[in-house]
Amino acid sequence: MIAIGGSAGSLPVLAELLEQLPVSIDCTMMIIVHRLKNVPSDLDRLLSLKAPIIEPEDKQPILSRRIYLAPQNYHLLIEDEGTFALDYSEPLHYSRPSIDVSFASVAEAFGPRALGILLSGASKDGAAGMQRIIAAGGTGIVQDPATALFDTMPLAALELCPEALSMSITDMVHFLTELKMSAKHDQ
Amino acid sequence: MIKEISNEELETLVSLIHRQYGYDFSDYARSSLKRRFQRFMGYAYIGGVTELSDRLLQDAAFFERMAQFITVNVTEMFRDPLFYKTLRELVLPRLATYPIIKIWHAGCATGEEVFSMIILLQEAGLLERCRIYATDLNAVSLHKAEKALIPLKCMKDYTQNYLQSGGMEDFSNYYMADDEHAVIDQALRRNIVFFQHNLVTDQVFNEFQLICCRNVFIYFNKQLQDRVLRLFYDSLAPLGYLTLGLKESMMFSEESARFDAVSAVHKIFRRKS
């Protein structure tokens, strides 16, 4: 499971990342970006023309080779049975969806098979969640703060998680492509 | 640092609470329940699950505090404005054909959705004919709902939501404001009764033309969702309406065959006759 979090300044980077990744996505992706609530949104269609992006409903089964986007105004969690679960409790870091909440849930459900990526953002959401992913044996990747439009989010994550890898978007694409190849080799 | 709770520890806590206090959380969705317990431990400075169990065994007041905390009671007025717009356009004209309209808000928390509903009903000229039953598990939330106090800082957002829902009036006509709160107009609230009802254990108590239960199902597992859907089916008049939260689905339940979708996008359903 690849979980990607971002806030201010992350949408162009996210679109670029999705654009550059090879079409055959061999694992599940879950995107958590801070977004406005109570306004109609086309974010799912804006992010990628290549691959359909799904805003999951409560208890929807998680399928591989799919890209999911956390819906507006809910936290997105994972149930042990391999389904999504939603939660409408208080915002964290003024955010719902909160990246910390989803990353912690991904860490718990997927352990070493979890990969967390944090992009540009003007809040510290995501750092604590990335710490949970790494503590559970997963991998953390942070957008190189020098390339981020807003560096608060990547800097906070690197400060809390020294093990996290700092990468440019091009390096991330290479890393994810290699990752998929090695996963194939394992099969 | 967040206190970790293992799955086994979670089951132990759930069965302790059931035995000692009679509240059954065993069919609540695990991921969010675990998260609520973890957050409560951080909030109450509890060092670990053993300490939490000991406190729960010895201290009923502590349990009450925890129950308040873990049952989510976050809500908004006119959340998802387009849902309310659809309700105005598709559902209220049908309700208008009944001499008495009975509405159940199940899991009403502090009442914000009930207050949104009475404003819609008032504007449709139906409020006089409505009897509104608003229930929740959480007694403290119900007590707040009866007072109808809304933090003033929320009203700017709620006014925006109201306008987007198709509201044409001056929203401030519906409340009186003091320094900190808006109080929803007493005259609008006269047909509401608030009382405690537990969807896990309690039964049918009336027959309704409309049941609103938005963003409550997300805290339940599939078995409990099925049970509550049966309870709602039995509590609805034939062709009565049921509304769920925008991201709540009936698709994953066998009970869905007993309902028609009036608006799949806004999650408005209708009991088949």
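This is a predicted model: local features need pLDDT of at least 70, side-chain atom pairs count only at pLDDT 80 or more; totals for chains, interfaces and linings use all residues.
Residues are numbered from 1 along each chain as its sequence is written, while chains are lettered from A and ligands numbered from 1 in the order in which they are written.

Chain B has nine helices and 10 strands, where helices (H or I, at least four residues) and strands (E, at least two) are DSSP runs numbered from the N terminus. With a radius of gyration of 19 Å, close to the 19 Å that the globule rule gives for 273 residues, chain B is as compact as a globular protein of that length; the radius is taken over C-alpha atoms, and the rule is 2.2 Å times the number of residues to the power 0.38. Along the principal axes, the C-alpha atoms of chain B fill a box of roughly 55 × 50 × 30 Å. Of the 273 residues in chain B, 42% are buried, a residue being buried if 20 or more other C-beta atoms, placed from the backbone, lie within 10 Å of its own. Two residues are in contact if their C-beta atoms, placed from the backbone, lie within 7 Å, and among contacts in chain B between residues at least 6 apart in sequence, 79% join residues at least 24 apart.

Between the two chains, 19 residues of chain A are in contact with 19 residues of chain B. On the chain A side, strand E5 (75-78) and strand E6 (84-87) each supply at least two residues, and the largest share, three residues, comes from E6(A). The residues of this side divide into eight nonpolar, four polar and seven charged, with Ala, Val, Leu, Ile, Met, Phe, Trp, Tyr, Cys and Pro counted as nonpolar, Asp, Glu, Lys and Arg as charged, and the others, Gly among them, as polar.

Within chain A, the UniProt annotation "active site", from an unreviewed entry, covers Ser7(A), His34(A) and Asp125(A); such annotations may be inferred rather than shown by experiment. These residues span 119 residues in sequence, yet no two of their C-alpha atoms are more than 9.6 Å apart, so they gather at one spot. Ser7(A) lies in the loop between strand E1 (2-6) and helix H1 (11-20) of chain A, and Ser7(A) is buried, with 25 other C-beta atoms within 10 Å. Not counting residues up to four places away in sequence, Ser7(A) touches several residues, including His34(A) and Asp125(A). His34(A) is placed in the loop between strand E2 (29-33) and helix H2 (43-47) of chain A.

Conventions: A residue is buried if 20 or more other C-beta atoms lie within 10 Å of its own, exposed if 12 or fewer, and partly exposed in between; C-beta atoms are placed from the backbone.
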